[in-house]
Every structure is written in structure tokens, then in C-alpha cells.
Amino acid sequence: MKYTTYILLGLLLMLMGCSEDTIEINGKGIIKGRVVEDITFLPLENVKISTNPQTNVVFTDVDGNFEIEVEEGQYAVQAQKDDFLASFESADVFTGETVELVYELKPSTANNQPPATPSLVAPVDNAVDQPFELTLEWSSVDPDEDELKFTVLLRNSRDNTVETFEDITEETLDVQVAFNTTYFWQVIANDEINTPVNSQVFTFSTADFPLNRFHFVRKSGSNNQIFSADGDGVEIALTDATTNSWRPRINRTANKIAFLRNVGAQIHVFTMDPDGNNQQQITSQIPVSGFNPDEIDITWSDDGSLIYYPVQDRLYSIQLDGTGLTQVHQTTGNLITEVDFNNGILAVKTNNLSGYNCEIYTIDTVGNVLDVVLTGVTGAVGGIDLSADNSQILYTRDASGFENQQYRRLDVNAYVYNFNTMNEVNVSFNKDPGTNDLDVRFSPTEASIIVYNQDNDGITPGKVQTLAILVPDTREDEFTNAMMPDWK
């Protein structure tokens with residue numbers, strides 16, 4: 001009996017020993033660790049931690065720490081977060097032990113390659129005689145096909161100013177440059193991942209400024225802006241849209257353009273080179289003034305030494321350096337609004353405060369009245385221009401004779417008056433009904449005239465047109481949204 005009892009106790013002890021061995025094999029351990037950002041070693045929060053074989057999924061805390069309880073075994077432990085490359089570490093876990101892991105996650109772009117160096121295509125290096133409007137072209141590729149943004153640097157060799165054009169997504173850029181100037185340009189490619197890549201620096205030179213014969217004014221916002229143009233209609237802005245500049249008058253002898261500009265509340269005479277450079281204020285003590293600033297006109301002496309301008313009922317001349325201010329003429333009451341000079345003769349147009357009661361007459365350089373061209377008419381008059389031999393004068397007048405407080409004009413036509421015959425001829429051939437021909441000037445050959453044609457509502461932007469004086473059916477549009485033309 002005792003013998004049997006001992007056998008049963010032995011078997012029980014053996015079974016208990018086997019039970020303890022099974023718990024040891026299936027025991028659990030701990031995987032813990034920390035996740036930081038590569039390079040900065042700052043902790044990363046909310047990193048997903050998972051294992052293979054699969055166990056629980058946990059996320060790192062604000063300090064980048066995590067901990068998982070797993071059964072004993074071999075595991076591949078993955079750390080995964082958006083915008084970072086996933087990272088794996090192996091862990092051999094034993095029962096009752098802790099395995100510590102450290103992850104340094106790299107940004108998802110860590111293996112991204114920078115774009116290729118941009119290749120400059122056009123203008124080719126050392127190109128010459130480039131136009132003032134040109135297209136810069138280049139090419140660049142990105143190995144990872146990332147979207148590229150380009151920055152173009154354009155340096156002017158005259159004053160070393162650098163224009164920067166940013167966030168360009170195409171491989172071309174249209175630019176306006178100065179004439180007779182050397183430029184340096186470079187393109188920077190940026191994939192917004194890697195360090196931007198710079199191209200080589202190319203250089204090009206622009207052509208000399210063209211001898212543009214046309215000048216006109218265009219409204220730009222609330223200001224007037226002066227342009228020049230060639231016979232093909234290529235336009236060049238000569239003044240900035242931030243200033244109010246109008247009434248351009250060119251003198252080929254002086255190689256200067258005179259014009260009017262607002263300086264505060266005053267109007268002053270300025271000059272500039274034909275390319276718009278060297279803009280200088282000429283008048284100072286006595287500014288330009290009179291009826292309706294948009295109607296006021298100025299003129300040069302033939303040799304380009306003097307500029308004549310109106311001040312209420314007086315006419316002044318001034319030298320180009322701002323000296324020699326001289327009163328030339330004074331009316332008996334009317335305001336002087338327009339003036340033209342040719343071969344020692346001055347033509348003036350006067351009007352009352354409302355713009356009417358107009359007269360056109362000529363004077364000599366000391367103010368003596370020579371010939372009365374127009375007087376005693378109703379309606380608006382303007383746009384005087386003497387012919388080369390002083391035998392004719394071109395002007396406009398409202399054939400309707402209409403007058404009102406708003407100075408509205410209904411049917412303004414261009415006329416040529418002959419001093420010898422004392423007759424005027426209407427030359428506004430083929431003018432559309434309901435329009436006005438304003439701001440007339442002779443062409444350089446005097447076979448044609450240039451006009452500003454506008455609807456008589458006075459609101460709709462008009463256009464500059466040319467027409468032959470002796471050919472009734474010729475009228476051509478030259479420039480749209482343009483006024484105050486000059487043709488030299």
C-alpha cells in the first residue's frame with residue numbers, strides 16, 4: 001500500500017515538472033524603444049509600431065517611446081509614420097526579459113535625387129542684337145519626376161540691378177529688357193526637396209533703340225502712360241504707369257521728347273531721351289496751367305533749344321536746363337491752351353474757361369499777332385499743327401457747333417487751312433458717324449495725317465488712325481486704346 005502511494009507521488013511530481021516547463025516556453029517578454037527623427041534626433045509622436053509575427057499595434061507617445069508585451073520568440077519590429085521611410089529592427093524576445101530598440105526615421109524624401117542642372121537654351125550665350133521683348137528658354141529634368149519650380153535671375157550690366165522671377169513652372173519666361181544693354185541670366189531649379197540647383201550664367205546684348213516715328217498715350221489705371229512704336233505696331237512703354245505723363249512731343253534735333261507730368265497738384269514740363277531714359281523736370285517756378293489739362297499742348301523750337309508752354313492767358317518759353325524762362329505772349333482775356341512752332345512762327349489756340357469762344361492765330365517769337373485763322377465759331381476747337389513751309393495749318397473743330405458744361409463734342413472733324421487762299425478743307429474722310437477726330441498731326445511727309453478717333457460719348461477708349469489728305473477713302477487703325485499721337 002505504501003509502495004503504491006510512493007509511486008503516485010512520483011508521478012504527480014513528474015507531471016508538475018512538465019507543467020512548469022510549458023509555462024517557461026510560452027512566457028512573455030517586453031519590446032520597448034524610442035523613435036526619433038534622423039539628423040535632429042527629435043522624438044517622433046504617433047509612430048505606428050507593429051511586429052511580424054503579428055502582435056499588438058501601438059503608437060509612440062510624445063517622447064517617442066513605445067512598449068509592447070509579446071510572447072517569447074523572434075520578431076521583426078516595424079516603425080512607420082507618414083512622410084517618413086519605414087524602418088525595421090529585429091528582436092529576440094525571451095521570457096521575462098526586455099529588448100530595447102532605437103529607430104532613427106528618415107524623411108520619405110531621403111532617397112530623392114536633386115534635379116539635373118538646368119541647361120540654358122535661348123538666347124545662346126553671348127547673343128547680340130536681341131529685341132527688347134524676348135523669351136528666355138531652358139530645360140531641366142528631375143530623376144524622380146518631381147514637379148519643378150524655377151527662379152530666373154536677370155542682371156542689368158548698366159547698374160547691376162537684378163530682377164528676380166520666382167515660382168515659374170514652365171521652361172520659358174517672357175521678359176522686357178532695355179535696349180543697347182548687356183544682360184546676365186541664370187536659372188535655378190528647385191524640387192522643394194533637395195538643395196536648389198543653379199545653371200550656368202549666360203549673357204546677351206540687346207539691339208540699339210529703334211528710330212520709332214510714332215508716339216502716343218495710353219490710359220493705365222488712373223494714370224496716362226507714354227509709348228513709342230514703329231510702323232509694324234511694336235510698342236515700347238517710355239514712362240512708368242506709376243506716374244501720370246502725357247502729351248509727348250519729339251524733337252529730332254535735340255533728340256529729346258518733351259511731355260507733361262503731374263508733380264503733386266501741379267503740371268510741369270519734362271524731357272526724356274527717345275528710349276525713355278534721363279527723364280528730367282524742366283519747369284519749376286511757373287508750372288503749366290489752363291483749361292482742361294488733357295487739352296493743353298506744348299511745342300519745341302526748331303533747333304530744340306526751347307520749349308513753349310501755356311500758363312493761363314500767357315505763353316512762356318524755357319531752355320532745356322530750366323533757365324531762360326521768358327514770357328512770349330499774353331492774350332486779351334482768353335486762355336492759351338495749345339501752341340505749335342515752325343520756322344519762327346507760333347500758332348496758338350485760345351478759349352474761354354468753358355473751352356469755347358475759340359480762336360486760332362499766329363504770332364512771331366516776340367508775341368506780335370500775324371494772321372487770324374479762326375474766330376467767331378461755336379463748339380470746340382483744337383489740335384493745331386503748322387505745315388513745314390507755314391503755308392497751311394491743321395486743326396479740328398466740332399462741325400455741330402455743340403456746347404455744354406461738360407465740354408462734350410459731337411462731330412469733330414479735321415481741317416486744313418491754307419494761309420494763301422484763306423480757305424479750309426475738311427479732311428476727316430471716311431469718319432464713322434458718332435465719332436470725333438481729335439489731336440490731329442501732319443505726317444512727316446504731310447501727305448497724311450494722324451488722328452485720335454473716339455466715340456462722341458467721351459468715355460469709350462478710342463484709337464489712333466492715319467488717313468491720306470488727298471485720298472478720301474483711306475483710313476487705317478494704327479493703335480488701339482491710344483490717344484494724343486505724334487508722328488515725326
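## A four-stranded sheet

In what order do the four strands of the open sheet lie? Reading across this predicted model, the order is S24-S25-S26-S27, with antiparallel pairing. The edges belong to strand S24 (299-300) and strand S27 (326-330), each of which pairs on one side only.

Let's look inside the sheet. Strand S25 (residues 306-311) meets strand S26 (residues 314-319) through six bridges, in the antiparallel sense. Along this pairing, Pro310 stands opposite Leu315 in S26. As a general point, strands of a sheet pair through backbone hydrogen bonds.

## Rings that meet

Now for the aromatic side chains: the structure holds 17 aromatic pairs. Take Trp185 and Phe202: their ring centres are 6.4 Å apart and their planes meet at 85°, so this pair counts as edge-to-face. The two come from distant parts of the chain, with Trp185 in strand S14 (residues 182-190) and Phe202 in strand S16 (residues 202-206), 17 residues apart. Trp185 and Phe202 are both buried.

Tyr356 and Tyr407 make a tilted pair, with 5.4 Å from centre to centre and 40° between the planes. Here two loops are linked: Tyr356 is in the one between strand S29 (345-351) and strand S30 (359-363), while Tyr407 is in the one between strand S33 (392-398) and strand S34 (412-418), 51 residues apart. Both tyrosines, Tyr356 and Tyr407, are buried.

## A cluster and two charges

Ring pairs also join Phe214, Phe216, Phe227, Phe479 and Trp487 into a cluster. One of these rings, Phe227, has Arg218 over its face, 5.0 Å from the ring centre. Elsewhere, Arg397 places its charged end over the ring of Tyr415, at 4.4 Å from the centre.

Notes: Residues are numbered from 1 along each chain as its sequence is written. This is a predicted model: local features need pLDDT of at least 70, side-chain atom pairs count only at pLDDT 80 or more; totals for chains, interfaces and linings use all residues. Side-chain values use heavy atoms; hydrogens and water are left out. Two strands pair if DSSP finds at least two bridges between them. Rings of Phe, Tyr and Trp (its six-membered ring) pair if their centres lie within 6.5 Å; planes under 30 degrees apart count as stacked, over 60 as edge-to-face and the rest as tilted. Buried means under 20% relative accessible area, exposed over 50%, partly exposed in between (1.4 Å probe, protein chains only). A charge sits over a ring if NZ of Lys or CZ of Arg is within 6 Å of the ring centre and within 35 degrees of the ring normal.
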